[in-house]
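Colleague: Please take a close look at one part of this model for me. I would like the salt bridges, and what surrounds them.

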Amino acid sequence: MIRVVIFVAVFLFSVCTFARTWVVAKNSSVKSIKSAIELAAKGDTIRIMKGIYKEGNMVIQKSIVIIGIDYPVLDGENKYEIFTIAATDVSIIGLRMINTGVGSINDISAISAIEAKRLRVLNNQFENTFFGIHLANCIGSVVEDNVLHSNAEVEHQIGNGIHAWKCDSITIRNNKVSGHRDGIYFEFVTNSLVEKNFSHHNMRYGLHFMFSHNDEYRSNVFQNNGAGVAVMYTKKVKMISNRFEDNWGASSYGLLLKDIGDADIQLNHFAKNTVAVYMEGSSRCHFTQNVFSGNGWAVKMQANCDENVYSKNSFLSNTFDMATNGSLVLNTVDANYWDKYEGYDLDKDRVGDVPYHPVSLYSMVVEKMPSAVMLWRSFLVYMLDRTEKVLPSATPENLKDIHPAMRNYDYNF
(Lines give C-alpha, C1' and ligand atoms only; values in the text may rest on other atoms or scores of the structure.)
Protein backbone atom coordinates (compact mmCIF):
# COMPACT_ATOMS: atom_id res chain seq x y z
CA MET A 1 0.00 0.00 0.00
CA ILE A 2 2.86 2.37 0.92
CA ARG A 3 4.51 1.68 -2.44
CA VAL A 4 1.29 2.59 -4.27
CA VAL A 5 1.02 5.88 -2.38
CA ILE A 6 4.65 6.71 -3.13
CA PHE A 7 4.17 5.88 -6.82
CA VAL A 8 1.09 8.12 -7.09
CA ALA A 9 2.88 10.97 -5.31
CA VAL A 10 5.90 10.68 -7.59
CA PHE A 11 3.64 10.56 -10.68
CA LEU A 12 1.70 13.67 -9.64
CA PHE A 13 4.94 15.48 -8.81
CA SER A 14 6.39 14.60 -12.19
CA VAL A 15 3.25 15.81 -14.00
CA CYS A 16 3.35 19.12 -12.13
CA THR A 17 7.10 19.40 -12.72
CA PHE A 18 6.95 18.86 -16.47
CA ALA A 19 3.88 21.05 -17.18
CA ARG A 20 5.26 24.40 -18.38
CA THR A 21 3.94 27.90 -18.89
CA TRP A 22 4.97 29.68 -22.09
CA VAL A 23 4.77 33.47 -22.29
CA VAL A 24 4.11 35.12 -25.65
CA ALA A 25 5.18 38.77 -25.86
CA LYS A 26 7.19 41.07 -28.12
CA ASN A 27 10.02 41.23 -25.55
CA SER A 28 9.89 37.50 -24.75
CA SER A 29 11.90 34.66 -26.25
CA VAL A 30 8.59 33.39 -27.68
CA LYS A 31 7.20 36.15 -29.84
CA SER A 32 4.37 34.37 -31.67
CA ILE A 33 1.42 32.29 -30.62
CA LYS A 34 2.12 29.72 -33.33
CA SER A 35 5.62 29.17 -31.96
CA ALA A 36 4.25 28.71 -28.45
CA ILE A 37 1.72 26.14 -29.69
CA GLU A 38 4.52 24.21 -31.44
CA LEU A 39 6.73 24.29 -28.35
CA ALA A 40 4.00 23.43 -25.86
CA ALA A 41 3.48 19.86 -24.69
CA LYS A 42 0.28 18.25 -23.48
CA GLY A 43 -0.91 19.97 -20.29
CA ASP A 44 1.12 23.17 -20.82
CA THR A 45 -0.24 26.70 -20.50
CA ILE A 46 0.36 29.57 -22.95
CA ARG A 47 0.03 33.10 -21.61
CA ILE A 48 -0.44 35.75 -24.30
CA MET A 49 0.49 39.26 -23.19
CA LYS A 50 -1.35 42.36 -24.35
CA GLY A 51 -0.78 43.32 -27.97
CA ILE A 52 -2.00 42.73 -31.52
CA TYR A 53 -1.23 39.38 -33.14
CA LYS A 54 -1.74 38.68 -36.84
CA GLU A 55 -0.77 35.07 -37.32
CA GLY A 56 -3.39 33.66 -39.67
CA ASN A 57 -4.93 30.30 -38.81
CA MET A 58 -3.62 28.51 -35.72
CA VAL A 59 -4.25 24.76 -35.42
CA ILE A 60 -4.36 23.15 -31.97
CA GLN A 61 -3.97 19.37 -31.78
CA LYS A 62 -2.85 18.94 -28.18
CA SER A 63 -4.38 19.50 -24.73
CA ILE A 64 -3.24 23.00 -23.77
CA VAL A 65 -4.56 26.09 -22.03
CA ILE A 66 -4.34 29.50 -23.74
CA ILE A 67 -4.88 32.51 -21.50
CA GLY A 68 -4.90 36.13 -22.60
CA ILE A 69 -3.61 38.89 -20.31
CA ASP A 70 -5.58 42.16 -20.69
CA TYR A 71 -7.37 40.84 -23.79
CA PRO A 72 -4.65 40.57 -26.43
CA VAL A 73 -6.08 41.05 -29.93
CA LEU A 74 -5.93 38.21 -32.45
CA ASP A 75 -6.69 39.70 -35.87
CA GLY A 76 -7.83 37.44 -38.70
CA GLU A 77 -7.26 40.31 -41.16
CA ASN A 78 -10.62 39.55 -42.85
CA LYS A 79 -8.97 36.47 -44.40
CA TYR A 80 -8.39 33.70 -41.87
CA GLU A 81 -10.02 31.42 -39.37
CA ILE A 82 -8.24 32.15 -36.10
CA PHE A 83 -8.27 28.88 -34.10
CA THR A 84 -8.96 25.40 -35.45
CA ILE A 85 -9.13 22.93 -32.56
CA ALA A 86 -8.99 19.15 -32.90
CA ALA A 87 -7.98 17.95 -29.43
CA THR A 88 -9.39 17.16 -25.99
CA ASP A 89 -9.14 19.37 -22.91
CA VAL A 90 -8.31 22.64 -24.66
CA SER A 91 -9.12 25.96 -22.96
CA ILE A 92 -9.29 29.38 -24.66
CA ILE A 93 -9.60 32.15 -22.08
CA GLY A 94 -9.50 35.95 -22.10
CA LEU A 95 -8.75 36.75 -25.76
CA ARG A 96 -10.16 39.33 -28.15
CA MET A 97 -10.67 37.86 -31.64
CA ILE A 98 -11.56 40.12 -34.55
CA ASN A 99 -11.97 40.23 -38.34
CA THR A 100 -12.19 36.61 -39.48
CA GLY A 101 -12.50 35.76 -43.14
CA VAL A 102 -15.90 35.28 -44.78
CA GLY A 103 -16.82 32.07 -46.60
CA SER A 104 -19.71 31.11 -48.85
CA ILE A 105 -18.87 27.40 -48.55
CA ASN A 106 -16.71 27.06 -45.43
CA ASP A 107 -17.94 28.17 -42.01
CA ILE A 108 -14.94 30.32 -41.18
CA SER A 109 -14.88 31.02 -37.46
CA ALA A 110 -12.91 32.72 -34.74
CA ILE A 111 -12.89 29.36 -32.93
CA SER A 112 -13.73 26.18 -34.83
CA ALA A 113 -13.69 22.93 -32.87
CA ILE A 114 -13.87 19.56 -34.61
CA GLU A 115 -14.47 16.39 -32.58
CA ALA A 116 -13.16 18.10 -29.46
CA LYS A 117 -13.97 16.86 -25.96
CA ARG A 118 -14.17 19.07 -22.88
CA LEU A 119 -13.34 22.26 -24.75
CA ARG A 120 -13.66 25.41 -22.64
CA VAL A 121 -14.17 28.81 -24.27
CA LEU A 122 -14.36 31.33 -21.45
CA ASN A 123 -14.47 35.10 -21.09
CA ASN A 124 -13.47 36.03 -24.64
CA GLN A 125 -14.51 38.90 -26.90
CA PHE A 126 -15.46 38.41 -30.55
CA GLU A 127 -15.87 41.31 -32.95
CA ASN A 128 -16.67 41.22 -36.67
CA THR A 129 -16.38 37.45 -36.98
CA PHE A 130 -18.19 35.42 -39.66
CA PHE A 131 -18.97 32.61 -37.21
CA GLY A 132 -17.96 33.32 -33.65
CA ILE A 133 -17.72 29.85 -32.11
CA HIS A 134 -18.37 26.76 -34.25
CA LEU A 135 -18.60 23.35 -32.57
CA ALA A 136 -18.84 20.16 -34.64
CA ASN A 137 -19.03 16.68 -33.11
CA CYS A 138 -17.99 18.05 -29.72
CA ILE A 139 -18.77 16.46 -26.35
CA GLY A 140 -18.82 17.90 -22.84
CA SER A 141 -17.77 21.41 -23.89
CA VAL A 142 -18.46 24.73 -22.15
CA VAL A 143 -18.92 28.16 -23.77
CA GLU A 144 -19.29 30.73 -21.01
CA ASP A 145 -19.02 34.49 -20.31
CA ASN A 146 -18.17 35.50 -23.88
CA VAL A 147 -19.26 38.61 -25.80
CA LEU A 148 -19.90 38.16 -29.53
CA HIS A 149 -20.82 41.09 -31.78
CA SER A 150 -20.88 41.70 -35.50
CA ASN A 151 -21.91 44.62 -37.71
CA ALA A 152 -22.88 42.86 -40.94
CA GLU A 153 -25.72 44.55 -42.82
CA VAL A 154 -27.14 41.62 -44.79
CA GLU A 155 -27.72 38.00 -43.79
CA HIS A 156 -25.43 36.34 -46.34
CA GLN A 157 -22.43 38.30 -45.02
CA ILE A 158 -22.60 36.77 -41.56
CA GLY A 159 -22.81 33.40 -39.84
CA ASN A 160 -24.07 32.46 -36.38
CA GLY A 161 -22.67 33.68 -33.11
CA ILE A 162 -22.49 30.30 -31.35
CA HIS A 163 -23.08 27.36 -33.70
CA ALA A 164 -23.25 23.73 -32.58
CA TRP A 165 -23.69 20.76 -34.92
CA LYS A 166 -24.00 17.14 -33.84
CA CYS A 167 -22.82 17.79 -30.30
CA ASP A 168 -23.70 16.25 -26.95
CA SER A 169 -23.63 17.47 -23.35
CA ILE A 170 -22.51 21.03 -24.04
CA THR A 171 -23.21 24.10 -21.92
CA ILE A 172 -23.74 27.59 -23.36
CA ARG A 173 -23.93 29.96 -20.41
CA ASN A 174 -23.92 33.70 -19.73
CA ASN A 175 -22.88 34.87 -23.20
CA LYS A 176 -23.95 38.08 -24.96
CA VAL A 177 -24.57 37.65 -28.69
CA SER A 178 -25.67 40.35 -31.15
CA GLY A 179 -25.50 41.27 -34.81
CA HIS A 180 -25.19 37.73 -36.16
CA ARG A 181 -27.51 35.70 -38.42
CA ASP A 182 -28.66 33.48 -35.53
CA GLY A 183 -27.43 34.30 -32.06
CA ILE A 184 -27.25 30.65 -30.96
CA TYR A 185 -27.81 27.75 -33.37
CA PHE A 186 -28.24 24.07 -32.50
CA GLU A 187 -28.61 21.22 -35.00
CA PHE A 188 -28.52 17.56 -33.90
CA VAL A 189 -27.46 18.64 -30.40
CA THR A 190 -28.57 16.51 -27.44
CA ASN A 191 -28.51 16.61 -23.62
CA SER A 192 -27.31 20.21 -23.55
CA LEU A 193 -28.02 23.39 -21.59
CA VAL A 194 -28.42 26.98 -22.81
CA GLU A 195 -28.55 29.23 -19.75
CA LYS A 196 -28.47 32.94 -18.84
CA ASN A 197 -27.54 34.21 -22.30
CA PHE A 198 -28.54 37.57 -23.77
CA SER A 199 -29.21 37.19 -27.49
CA HIS A 200 -30.39 40.40 -29.11
CA HIS A 201 -30.53 42.33 -32.41
CA ASN A 202 -29.60 39.31 -34.49
CA MET A 203 -30.77 39.29 -38.11
CA ARG A 204 -32.80 36.11 -37.94
CA TYR A 205 -33.29 34.19 -34.69
CA GLY A 206 -32.01 34.83 -31.20
CA LEU A 207 -32.02 31.05 -30.76
CA HIS A 208 -32.59 28.50 -33.52
CA PHE A 209 -32.52 24.77 -32.98
CA MET A 210 -33.48 21.82 -35.15
CA PHE A 211 -33.47 18.06 -34.53
CA SER A 212 -32.05 18.71 -31.06
CA HIS A 213 -33.61 16.52 -28.36
CA ASN A 214 -33.50 16.42 -24.57
CA ASP A 215 -32.12 19.95 -24.24
CA GLU A 216 -32.93 22.68 -21.73
CA TYR A 217 -33.08 26.45 -22.27
CA ARG A 218 -33.23 28.37 -19.00
CA SER A 219 -33.14 32.03 -17.88
CA ASN A 220 -32.16 33.51 -21.26
CA VAL A 221 -33.24 36.84 -22.76
CA PHE A 222 -34.15 36.92 -26.47
CA GLN A 223 -34.78 40.52 -27.42
CA ASN A 224 -35.37 42.46 -30.62
CA ASN A 225 -34.27 39.74 -33.02
CA GLY A 226 -35.46 39.47 -36.60
CA ALA A 227 -37.81 36.56 -35.94
CA GLY A 228 -37.37 35.66 -32.28
CA VAL A 229 -36.73 32.01 -31.35
CA ALA A 230 -37.43 28.94 -33.52
CA VAL A 231 -37.74 25.35 -32.30
CA MET A 232 -38.16 22.82 -35.12
CA TYR A 233 -38.37 19.03 -35.46
CA THR A 234 -37.46 18.49 -31.83
CA LYS A 235 -38.77 16.47 -28.89
CA LYS A 236 -38.40 16.59 -25.12
CA VAL A 237 -37.20 20.14 -24.77
CA LYS A 238 -37.52 22.33 -21.67
CA MET A 239 -37.80 26.12 -21.93
CA ILE A 240 -37.95 27.63 -18.46
CA SER A 241 -37.76 31.20 -17.11
CA ASN A 242 -36.79 32.87 -20.40
CA ARG A 243 -37.81 36.31 -21.68
CA PHE A 244 -39.01 36.82 -25.26
CA GLU A 245 -39.25 40.55 -25.88
CA ASP A 246 -39.71 43.12 -28.65
CA ASN A 247 -39.59 40.75 -31.61
CA TRP A 248 -41.66 42.78 -34.09
CA GLY A 249 -42.20 42.31 -37.80
CA ALA A 250 -44.51 40.84 -40.42
CA SER A 251 -43.03 37.34 -39.91
CA SER A 252 -41.72 37.76 -36.38
CA TYR A 253 -42.46 35.58 -33.37
CA GLY A 254 -41.38 35.43 -29.79
CA LEU A 255 -41.32 31.63 -30.04
CA LEU A 256 -41.96 29.54 -33.16
CA LEU A 257 -42.74 25.86 -32.55
CA LYS A 258 -42.83 23.65 -35.64
CA ASP A 259 -43.23 19.88 -35.51
CA ILE A 260 -42.12 19.45 -31.93
CA GLY A 261 -43.43 17.19 -29.19
CA ASP A 262 -43.30 16.67 -25.43
CA ALA A 263 -42.07 20.15 -24.58
CA ASP A 264 -42.20 21.77 -21.15
CA ILE A 265 -42.55 25.57 -21.44
CA GLN A 266 -43.00 27.31 -18.11
CA LEU A 267 -42.27 30.49 -16.17
CA ASN A 268 -41.46 32.45 -19.34
CA HIS A 269 -42.34 36.07 -20.08
CA PHE A 270 -43.55 36.94 -23.58
CA ALA A 271 -43.75 40.72 -23.99
CA LYS A 272 -44.32 43.00 -27.00
CA ASN A 273 -43.96 40.45 -29.78
CA THR A 274 -45.98 40.44 -33.00
CA VAL A 275 -46.88 36.81 -32.19
CA ALA A 276 -45.72 35.57 -28.80
CA VAL A 277 -46.12 31.83 -29.60
CA TYR A 278 -46.78 30.38 -33.05
CA MET A 279 -47.44 26.63 -33.14
CA GLU A 280 -47.63 24.37 -36.16
CA GLY A 281 -47.75 20.56 -36.17
CA SER A 282 -46.82 20.39 -32.49
CA SER A 283 -48.13 17.99 -29.84
CA ARG A 284 -48.00 17.47 -26.07
CA CYS A 285 -46.50 20.85 -25.25
CA HIS A 286 -47.26 22.04 -21.74
CA PHE A 287 -47.44 25.82 -21.20
CA THR A 288 -47.70 26.60 -17.49
CA GLN A 289 -47.15 29.72 -15.40
CA ASN A 290 -46.14 31.93 -18.32
CA VAL A 291 -47.02 35.61 -18.77
CA PHE A 292 -48.17 36.96 -22.16
CA SER A 293 -48.27 40.75 -22.08
CA GLY A 294 -48.62 43.43 -24.74
CA ASN A 295 -48.33 41.11 -27.74
CA GLY A 296 -50.20 41.37 -31.03
CA TRP A 297 -51.20 37.71 -30.79
CA ALA A 298 -50.40 35.89 -27.56
CA VAL A 299 -50.88 32.45 -29.14
CA LYS A 300 -51.42 31.37 -32.75
CA MET A 301 -52.15 27.67 -32.77
CA GLN A 302 -52.74 25.96 -36.10
CA ALA A 303 -55.39 23.26 -36.44
CA ASN A 304 -52.76 20.53 -36.88
CA CYS A 305 -51.66 20.93 -33.24
CA ASP A 306 -53.07 18.52 -30.66
CA GLU A 307 -52.80 17.46 -27.01
CA ASN A 308 -51.19 20.75 -25.99
CA VAL A 309 -52.04 22.21 -22.60
CA TYR A 310 -52.24 25.86 -21.53
CA SER A 311 -52.72 26.11 -17.77
CA LYS A 312 -52.20 28.79 -15.10
CA ASN A 313 -50.84 31.38 -17.52
CA SER A 314 -51.59 35.11 -17.41
CA PHE A 315 -52.81 36.92 -20.55
CA LEU A 316 -52.48 40.69 -20.20
CA SER A 317 -53.11 43.50 -22.71
CA ASN A 318 -52.72 41.39 -25.85
CA THR A 319 -54.57 42.47 -28.99
CA PHE A 320 -55.63 38.84 -29.52
CA ASP A 321 -55.26 36.22 -26.79
CA MET A 322 -55.58 33.22 -29.08
CA ALA A 323 -56.12 32.52 -32.76
CA THR A 324 -56.51 29.37 -34.81
CA ASN A 325 -57.30 28.47 -38.40
CA GLY A 326 -59.67 25.57 -37.70
CA SER A 327 -62.91 24.80 -35.92
CA LEU A 328 -61.90 21.43 -34.40
CA VAL A 329 -59.35 21.99 -31.65
CA LEU A 330 -57.88 19.05 -29.73
CA ASN A 331 -56.02 21.00 -27.06
CA THR A 332 -56.67 21.90 -23.43
CA VAL A 333 -56.97 25.46 -22.11
CA ASP A 334 -57.74 25.63 -18.41
CA ALA A 335 -57.30 27.78 -15.28
CA ASN A 336 -55.62 30.74 -17.00
CA TYR A 337 -56.08 34.41 -16.16
CA TRP A 338 -57.53 36.54 -18.97
CA ASP A 339 -57.74 40.29 -18.54
CA LYS A 340 -60.55 40.38 -21.13
CA TYR A 341 -62.74 37.98 -19.14
CA GLU A 342 -66.05 39.61 -18.18
CA GLY A 343 -67.59 36.74 -16.25
CA TYR A 344 -68.53 36.57 -12.57
CA ASP A 345 -67.64 34.57 -9.48
CA LEU A 346 -70.74 34.19 -7.32
CA ASP A 347 -69.27 31.54 -4.99
CA LYS A 348 -66.10 33.60 -4.40
CA ASP A 349 -63.72 30.72 -5.13
CA ARG A 350 -61.61 32.92 -7.45
CA VAL A 351 -62.68 30.82 -10.44
CA GLY A 352 -65.04 32.24 -13.05
CA ASP A 353 -68.50 30.66 -13.09
CA VAL A 354 -68.81 30.81 -16.87
CA PRO A 355 -66.20 29.64 -19.40
CA TYR A 356 -64.03 32.06 -21.35
CA HIS A 357 -63.65 31.76 -25.13
CA PRO A 358 -60.19 33.23 -25.94
CA VAL A 359 -60.70 33.06 -29.72
CA SER A 360 -62.74 36.05 -30.90
CA LEU A 361 -64.72 36.18 -34.12
CA TYR A 362 -62.61 39.11 -35.25
CA SER A 363 -59.41 37.06 -34.80
CA MET A 364 -60.95 34.35 -37.02
CA VAL A 365 -61.71 36.99 -39.67
CA VAL A 366 -58.15 38.36 -39.49
CA GLU A 367 -56.74 34.83 -39.77
CA LYS A 368 -58.55 34.34 -43.07
CA MET A 369 -58.16 37.93 -44.29
CA PRO A 370 -55.10 39.64 -42.72
CA SER A 371 -55.96 43.07 -44.16
CA ALA A 372 -58.99 43.15 -41.82
CA VAL A 373 -56.59 44.05 -38.99
CA MET A 374 -57.03 47.68 -40.12
CA LEU A 375 -60.51 47.58 -38.57
CA TRP A 376 -59.15 46.95 -35.10
CA ARG A 377 -60.86 49.04 -32.41
CA SER A 378 -63.62 50.05 -34.80
CA PHE A 379 -67.29 49.99 -33.82
CA LEU A 380 -67.88 47.27 -36.41
CA VAL A 381 -65.41 44.95 -34.68
CA TYR A 382 -66.95 45.73 -31.30
CA MET A 383 -70.40 44.75 -32.57
CA LEU A 384 -69.00 41.66 -34.29
CA ASP A 385 -67.49 40.28 -31.10
CA ARG A 386 -70.53 41.20 -29.00
CA THR A 387 -72.79 39.36 -31.42
CA GLU A 388 -70.55 36.30 -31.32
CA LYS A 389 -70.71 36.19 -27.52
CA VAL A 390 -74.49 36.18 -27.59
CA LEU A 391 -74.87 33.78 -30.53
CA PRO A 392 -71.59 31.84 -30.89
CA SER A 393 -71.28 30.17 -34.28
CA ALA A 394 -67.91 30.63 -35.96
CA THR A 395 -65.39 30.40 -33.11
CA PRO A 396 -64.25 26.93 -31.93
CA GLU A 397 -66.67 25.85 -29.22
CA ASN A 398 -64.28 23.36 -27.64
CA LEU A 399 -61.44 25.88 -27.34
CA LYS A 400 -62.48 27.45 -24.08
CA ASP A 401 -61.21 27.91 -20.55
CA ILE A 402 -63.75 26.22 -18.28
CA HIS A 403 -62.12 27.44 -15.06
CA PRO A 404 -60.79 30.94 -15.80
CA ALA A 405 -58.94 32.56 -12.90
CA MET A 406 -60.50 35.72 -11.54
CA ARG A 407 -57.19 37.18 -10.37
CA ASN A 408 -53.88 37.63 -12.11
CA TYR A 409 -51.36 35.05 -10.96
CA ASP A 410 -48.88 37.92 -10.69
CA TYR A 411 -45.75 35.93 -11.44
CA ASN A 412 -42.67 37.98 -10.66
CA PHE A 413 -39.95 37.23 -13.18
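Modeller: What follows is a walk through the charged pairs, then the nonpolar parts. Keep in mind that this is a predicted model.

The whole structure holds 10 salt bridges. Start with R173. The side chain of R173 meets that of E144 in a salt bridge, at 3.6 Å from N to O. This pair links distant parts of the chain. R173 sits in strand β17 (residues 171–173) and E144 in strand β14 (residues 142–144), 29 residues apart.

R173 has another partner. It forms a salt bridge with E195, and the closest N and O atoms are 2.9 Å apart. E195 lies in strand β20, so this pair ties together parts that are 22 residues apart in sequence. Together, E144, R173 and E195 are linked in a network of salt bridges.

R173 has a relative accessible area of 25%, so it is partly exposed. E195 is at 14%, so it is buried.

Another pair is R218 with E216, whose side chains meet at 2.6 Å, N to O. R218 counts as partly exposed, at 28% relative accessibility.

F188 is partly exposed, at 38% relative accessibility.

The largest nonpolar core has 80 residues, and F83 and M239 have the most contacts inside it. Domain 1 (20–226) and domain 2 (230–359 + 396–413) both give residues to this core, so it lies between them.

Notes:
Residues are numbered from 1 along each chain as its sequence is written. This is a predicted model: local features need pLDDT of at least 70, side-chain atom pairs count only at pLDDT 80 or more; totals for chains, interfaces and linings use all residues. Side-chain values use heavy atoms; hydrogens and water are left out. Buried means under 20% relative accessible area, exposed over 50%, partly exposed in between (1.4 Å probe, protein chains only). A nonpolar core is a set of buried Ala, Val, Leu, Ile, Met, Phe, Trp, Tyr and Cys residues joined through side-chain atoms within 4.5 Å. Domain bounds come from an automatic or database domain assignment. A salt bridge is a side-chain nitrogen of Lys or Arg within 4 Å of a carboxyl oxygen of Asp or Glu. Helices (H or I, at least four residues) and strands (E, at least two) are DSSP runs, numbered from the N terminus.
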